[in-house]
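Thanks for coming, everyone. Let me put the structure on the screen.

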Amino acid sequence: MATALNRLRLIIAVSLYAALLAGLWYGFRNSELAISLGGEFQRAFASFALLLAPLWFFGFGAGEPLKRMAVWSKIAMATLLSLPYFVFAAGTPVFSWRVALIVVAFPMLMAAFLELPTLPKRMTWRDGAALIIIAATYYLKLLQSAWPPELAFLPKLFLADVTLYCFLVIRGLEGAGYSLTPTRSALMVGLREWVFFLPIAVALGELTGFIHFHSNVPRIGHGIADILLTFLLIAIPEELFFRAILQNLLETRIERTGALLVAAILFGLSHFNHGVGFNWRYVLLAGIAGIFYGRAWRAERQIFASIMTHTAVDVVWSLWFR
């Protein structure tokens with residue numbers, strides 16, 4: 001019975017992924033991004049599809065069999081995370097042997113760092129170091145040259161893949177709740193935390209001058225695209241890092257409320273560079289939002305709940321308050 005259910009879940013995941021990619025291709029094939037990329041759009045889309053695949057299919061249980069592989073096989077398999085770079089850059093002027101070496105070695109070295117020797121369930125210094133290295137690589141834009149500036153969101157997905165693989169497969173982190181299977185309880189919790197945060201965000205945003213209400217009615221297509229892109233490119237990677245991994249690990253060292261607050265503060269500080277100089281308004285509101293995202297995740301240790309809250313907050317802000 002369990003095997004049949006897993007097979008059905010995988011079929012549903014593949015079908016939804018195919019439909020999602022078809023919709024994104026149809027929606028963006030004539031966009032400004034596609035025009036700017038010219039003939040490289042097909043390569044870019046294929047690279048994006050490969051980068052999104054681990055985040056998507058691990059959310060439907062595809063990563064479980066990998067945990068049972070031999071140690072060195074798991075470490076070696078981490079190199080496959082570099083494939084999206086080669087799909088985009090191989091045989092083009094964009095290709096660089098230096099970048100190629102980095103995108104191959106980085107996930108493998110991170111995997112070995114967290115695998116050898118086997119770590120205890122509690123957070124260790126190596127967990128902290130790995131998270132700092134991943135965050136620094138992102139904020140210092142060390143992989144930004146792997147893809148053109150128009151595709152600046154792809155290095156973020158690459159690092160999210162590395163984080164996902166290293167902590168859920170290599171580290172075998174428990175209690176992450178990394179599932180994209182929607183449940184009624186996760187939906188209700190996610191919407192509840194959004195409702196709790198909304199009046200606080202509006203009040204603080206108006207007082208600090210961070211938000212400005214716009215009474216426009218977005219086109220349906222624009223609204224759907226905003227929801228999908230926020231869900232895929234922002235909510236999933238950030239909730240994976242800050243809630244399923246960071247807050248989860250912190251709970252093994254400090255009590256739950258402390259872990260929630262530390263993760264929320266770090267999440268807020270991660271928004272420091274949105275704008276010119278240190279954007280304290282964004283940091284403040286993002287930090288408070290992080291509390292509600294963390295509450296949503298920890299309610300049932302289900303990442304889909306915090307992804308729902310995060311997506312709803314960002315979409316409402318981008319459509320009516322940015």
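Is Leu131 buried or exposed? Leu131 is buried, at a relative accessible area of 5%. Buried means under 20%, exposed over 50%, partly exposed in between, with a 1.4 Å probe and protein chains only.

Before going on, a word on the source. This is a predicted model: local features need pLDDT of at least 70, side-chain atom pairs count only at pLDDT 80 or more, and totals for chains, interfaces and linings use all residues. Residues are numbered from 1 along each chain as its sequence is written, and side-chain values use heavy atoms, leaving out hydrogens and water.

Back to Leu131. It sits in helix 7, residues 125-139. Helices here are DSSP runs of H or I, at least four residues, numbered from the N terminus. Leaving aside residues up to four places away in sequence, Leu131 touches Phe167, Phe241, Ile245, Leu246 and Leu249. Contact means heavy atoms within 4.5 Å. Take Phe167: 36 residues apart along the chain, its C-alpha and that of Leu131 are separated by 9.8 Å.

Next, helix 8, residues 153-170. Of its 18 residues, 17 are buried, so the helix is largely enclosed by the rest of the structure. After helix 8 comes Gly172, with a positive phi near 65°.

Last, helix 10 (residues 220-250) and helix 12 (residues 280-300). Which residues make their contact? Helix 10 brings Glu239, Arg243, Ala244, Gln247 and Asn248. Helix 12 brings Gly290, Tyr293, Gly294, Trp297 and Arg298.

Note on methods
Helix = DSSP H or I, 4+ residues; strand = E, 2+ residues; numbered from the N terminus. Expected span 1.5 Å × (residues − 1). Axes fitted to C-alpha atoms, helices over the stretch in contact; angles between N-to-C directions.
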